[in-house]
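Welcome! Here is a short tour for anyone meeting this structure for the first time. Have a look at it below, then read on topic by topic.

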Amino acid sequence: MIELILSLLVAVVLLLTLYLFARRSKPSAEGSAQQLREARQTLDSLQVGLLPNDLVQRIFAKEDLEYVLSAAPADVRSLFLLERKNIALAWVRRVRGAVLDLMRFHRGYARLYARLSLSTEMLLALNFFSLLTVCQLLQIAVHLRGPYAAPGMVRTVATAAGRVCSISESSLVFLKVKQIDPLKNDPSRHGASV
Amino acid sequence: MPFPAEYSNVDLAADDLRRRTLSNMPAPLERLIYLGSTRDYNTGLYYHDGLASRYSEMVACQALANCHREAYQQLLQSSVRDLVQQVDSYVKSTRSAPRDFIAAWKSLQPYRVAVPAETDPLASEFLCSNVKIALAIWESLQFGRSRQQPGASLPQ
């Protein structure tokens, strides 16, 4: 009798667990659409936030430093270094923020929709981790030694961010489907600056 | 494309603008300031009488907006050395007294309002920072405070 009760209890617990799992993986249609929209916005903002590569190169161009050091008086040289330091830190903060947003999304929702493979998820996790670490190191280097302290790290951050972005994009390719939010894909909304 | 005719008109108007007006302004900085000044700050719309009479107000507005963004992108890619050169040629084109020009640009910072709409805030901050530095270097070269004294000259 005791064995029967125990078996029944185990069965009830298992059923309850299954029910909870089923509920978690089937959010409401409205909620899903909202989450997909947010996810796509996060992905888009990461791509926009990364800035074009040529602009990043311009920000960290040694050519400007050399010219300013050779042509400008001391006060202008200090102003230049301070301005570039602020821009460099703002760029690193932006990349870091965008990557954290995307990471949050992947942790929270992506696996429910994207059917990511284990290897893709592992690769993404590794890339997220290494990118965040390099961002942190770059931030410290720029703080302590100025914007031209670690050109190698700048290249690493830019390349790794681009890589994370393309892995995410390919794993979340369904987010680019126009039907999710037709208004967002209206071509007339793009290109007009007025 | 939903409006092919309208789009090609915008391209024609932009080419017209480049040929007739902007070709007299070799420096992107000059073009940026000029195109920024054709925008109504209350509505964000661009106006150009000649262009509007040849095409339409809407087409002229879009063409001006496109050329404005183009000048902005070119300026973003300019090095500090190049910007100093552009500031110099801009001052010469306005025929302002250097001291008056410096005083006005330092206090009013017109390049800040000349940035096109919907541009990336970090990119426009970078541009304004570069113009500020170029202005400071130009000032030092003009008034003999540069590191290259004596005989300091503008970059060629």
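Two residues are said to be in contact if their C-beta atoms, placed from the backbone, lie within 7 Å. With that in hand, 29 residues of chain B are in contact with 25 residues of chain A. Please keep in mind that this is a predicted model.

**The two chains at a glance**

- Chain A contains seven helices and zero strands, and its pattern along the sequence reads α-α-α-α-α-α-α.
- Of the 194 residues in chain A, 24% count as buried, while in chain B 39% of the 156 residues do.
- For contacts with a separation of 6 or more, residues 24 or more positions apart account for 82% in chain A and for 73% in chain B.

**Where the chains meet**

- On the side of chain B that touches chain A, at least two residues each come from H4, helix H5 (80-94) and helix H8 (121-142) of chain B.
- Which helix supplies the largest share of that side of chain B? H8(B) does, with nine residues.
- Sorted by class, the side of chain B that touches chain A holds 15 nonpolar, seven polar and seven charged residues.

**A closer look at H8(B)**

- H8(B) is built from 22 residues and reaches 31 Å from its first C-alpha to its last, close to the 32 Å expected at 1.5 Å a residue.
- Just after H8(B) comes Gly144(B), which takes a positive phi of about 65°.

**The two domains of chain B**

- Chain B is divided into domain 1 (4-76) and domain 2 (80-142), and the centres of these domains, taken over C-alpha atoms, are 21 Å apart.
- Between them, 13 residues of domain 1 of chain B are in contact with 14 residues of domain 2 of chain B.
- On the domain 1 side, helix H2 (28-37) and helix H4 (57-76) of chain B are the elements that give two or more residues, and H2(B) gives the most, with six residues.
- That side of domain 1 of chain B has eight nonpolar, three polar and two charged residues.

**The nonpolar core**

- The largest nonpolar core has 73 residues, and those with the most contacts inside it are Val157(A), Ala63(B), Ala134(B) and Ile137(B).
- Helix H5 (residues 74-114) of chain A gives the most to this core, with twelve residues.
- Domain 1 (4-76) and domain 2 (80-142) of chain B each contribute at least three residues to this core.
- What does Ala63(B) touch, leaving aside its neighbours within four places in sequence? Ala63(B) is in contact with Val10(B), Ala13(B), Ala14(B), Leu17(B) and Leu51(B).

- The mean pLDDT of chain A is 76, and 70% of the residues in chain A reach 70 or more.

Notes:
Residues numbered from 1 in each chain as written. Chains lettered and ligands numbered in written order. Predicted model: local features only at pLDDT ≥ 70, side-chain atom pairs only at ≥ 80, totals over all residues. Domains from an automatic or database assignment. Helix = DSSP H or I, 4+ residues; strand = E, 2+ residues; numbered from the N terminus. Nonpolar A, V, L, I, M, F, W, Y, C, P; charged D, E, K, R; others polar. pLDDT = per-residue confidence, 0-100. Core = buried A, V, L, I, M, F, W, Y, C linked by C-beta atoms within 7 Å. Buried ≥ 20, exposed ≤ 12 C-beta atoms within 10 Å, placed from the backbone. Expected span 1.5 Å × (residues − 1).
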